[in-house]
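This report describes the architecture of one protein chain for a reader who is new to structural analysis. Please keep the sequence and the model in view while reading.

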Amino acid sequence: MEPNTAHGTLHVVGVGPGDPELLTVKAAKTLKAAKVIAHFCKHDKKGHARTIAEPYLAPTVRELRLAYPFTIEVAVQDPEYQRGIQRFYDACAEQLAGVLAQGQDVVLLCEGEPFLYGSAMYLFDRLKERFQTVVVPGIAAMNGCWSQAQLPMTHGDDVLCVLPATLPEADLTEWLKQADAAVLMKIGRNMPKVRRALAQSGRMPEARYVERGTQANGFSQPFSDCGDTAPYFSLVLVPGRKGAR
């Protein structure tokens with residue numbers, strides 16, 4: 001189905017890893033021109049993407065807050081999580097559709113890069129056939145983190161593997177054995193599992209933990225110095241094997 005050109009356009013904008021200066025020129029221009037923005041958040045907090053975008057938004061911008069029904073209260077493996085999050089994304093898509101159908105553009109904010117574990121892509125999937133869409137890529141969290149840690153990741157023909165720490169421990173271990181370089185995301189409450197997988201794969205010595213990369217309070221340290229908990233904005237970097245050149 002061809003999108004209706006009388007409708008508004010959905011702009012999915014990656015706002016980068018945290019530092020407001022790490023937006024693309026195109027993202028900044030889109031935010032400055034925005035009349036309506038939408039952003040994901042917790043019920044009682046301002047969304048992180050909204051905080052990053054703050055310097056670029058007009059005081060008169062209309063905001064659509066997309067408040068998650070739960071975050072860590074329901075386990076991802078619980079069937080109710082999938083049912084609940086699908087209902088949430090359906091409702092969010094229809095909320096945006098109502099504005100777009102009135103001929104108004106909507107700018108949907110997304111932390112990091114929208115198509116790399118970004119919630120925004122689930123609304124994109126639901127709306128792309130009905131409305132014109134523009135996607136503005138963003139600097140991914142991993143880019144910001146390895147730059148802040150000053151840790152070159154891939155050398156020559158190294159293979160980079162991006163791993164969600166929600167995978168079973170055996171799978172994480174096997175992927176770490178195979179990959180030259182790896183980024184482990186979604187570590188949060190999975191820190192003990194990540195620790196065991198790094199140890200069993202022999203990758204612990206080079207693994208580096210980065211928390212709140214590119215943000216004012218960001219830092220990095222050897223993973224071996226970490227405890228068993230981590231905030232949402234954290235990941236683990238395992239650099240390439242640095243073959244001779």
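Does Gln150 count as buried or exposed? The model, which is predicted, gives Gln150 a relative accessibility of 69%. Because the cut-off for an exposed residue is over 50%, Gln150 counts as exposed.

## The chain as a whole

The chain contains seven helices and 10 strands. Its radius of gyration is 19 Å, close to the 18 Å that the globule rule gives for 245 residues, so the chain is as compact as a globular protein of that length. Along the principal axes, the C-alpha atoms fill a box of roughly 55 × 40 × 35 Å.

Of the 245 residues, 48% are buried. The accessible surface amounts to about 12300 Å², and carbon and sulfur atoms contribute 52% of that area. Among the contacts with a separation of 6 or more, 71% are between residues 24 or more positions apart. The chain carries 27 positive and 26 negative charges, whose mean positions are 2 Å apart.

Helix H5 spans residues 141–148. Its buried residues are Met142, Gly144 and Cys145. They cover an arc of only 160° around the axis, which puts them on the same side of H5. The elements that cover these buried residues include strands E6, E7, E8 and E10.

Gln150 lies in the loop between H5 and E6. Just after the helix, this residue takes a positive phi of about 50°. Most residues other than glycine have a negative phi. Gln150 is a residue other than glycine with a positive value.

Where is Arg212 found? It lies in the loop between strand E8 (208–211) and strand E9 (219–222). The phi of Arg212 is near 50°, again a positive value in a residue other than glycine. With a relative accessible area of 26%, Arg212 is partly exposed.

Helix H6 runs through residues 169–178, and its buried residues are Leu172, Thr173 and Leu176. These residues cover an arc of only 100° around the axis, which puts them on the same side of H6. An α-helix has 3.6 residues a turn, so residues three or four places apart point the same way. On the other side of H6, Ala170 and Gln178 are exposed.

Which elements do the buried residues of H6 pack against? Their partners are strand E6 (160–164), strand E7 (181–185), helix H7 (191–201) and strand E10 (234–238).

Leu167 is located in the loop between E6 and H6. Its relative accessibility is 23%, so Leu167 counts as partly exposed. Leaving aside residues up to four places away in sequence, Leu167 touches Leu172, Trp175 and Lys193.

Leu167 and Asn190 are 23 residues apart in sequence, and their C-alpha atoms are 9.4 Å apart in space.

Arg241 belongs to the segment after E10. At 43% relative accessibility, this residue counts as partly exposed. Which residues does Arg241 touch, not counting residues up to four places away in sequence? They are Asp158, Leu176, Lys177, Gln178, Ala179, Asp180 and Arg203.

Arg241 and Val159 are 82 residues apart in sequence, and the distance between their C-alpha atoms is 9.7 Å.

## His11, in strand E1

His11 is placed in strand E1, which covers residues 10–14. Is it buried or exposed? Its relative accessible area is 18%, and since buried means under 20%, His11 is buried.

Not counting residues up to four places away in sequence, His11 touches Thr30, Asp105, Val106, Val107, Leu108 and Val134.

Conventions
Residues are numbered from 1 along each chain as its sequence is written. This is a predicted model: local features need pLDDT of at least 70, side-chain atom pairs count only at pLDDT 80 or more; totals for chains, interfaces and linings use all residues. Side-chain values use heavy atoms; hydrogens and water are left out. Buried means under 20% relative accessible area, exposed over 50%, partly exposed in between (1.4 Å probe, protein chains only). Helices (H or I, at least four residues) and strands (E, at least two) are DSSP runs, numbered from the N terminus. The arc is that of the directions from the helix axis to the C-beta atoms. Contact means heavy atoms within 4.5 Å. The radius of gyration is taken over C-alpha atoms; the globule rule is 2.2 Å times the number of residues to the power 0.38. Accessible areas come from the Shrake-Rupley method with a 1.4 Å probe; for residues, only the protein chains shown count as cover. Lys and Arg count as positive and Asp and Glu as negative; His and the chain ends are not counted. The place of a charge is taken as NZ of Lys, CZ of Arg, CG of Asp or CD of Glu.
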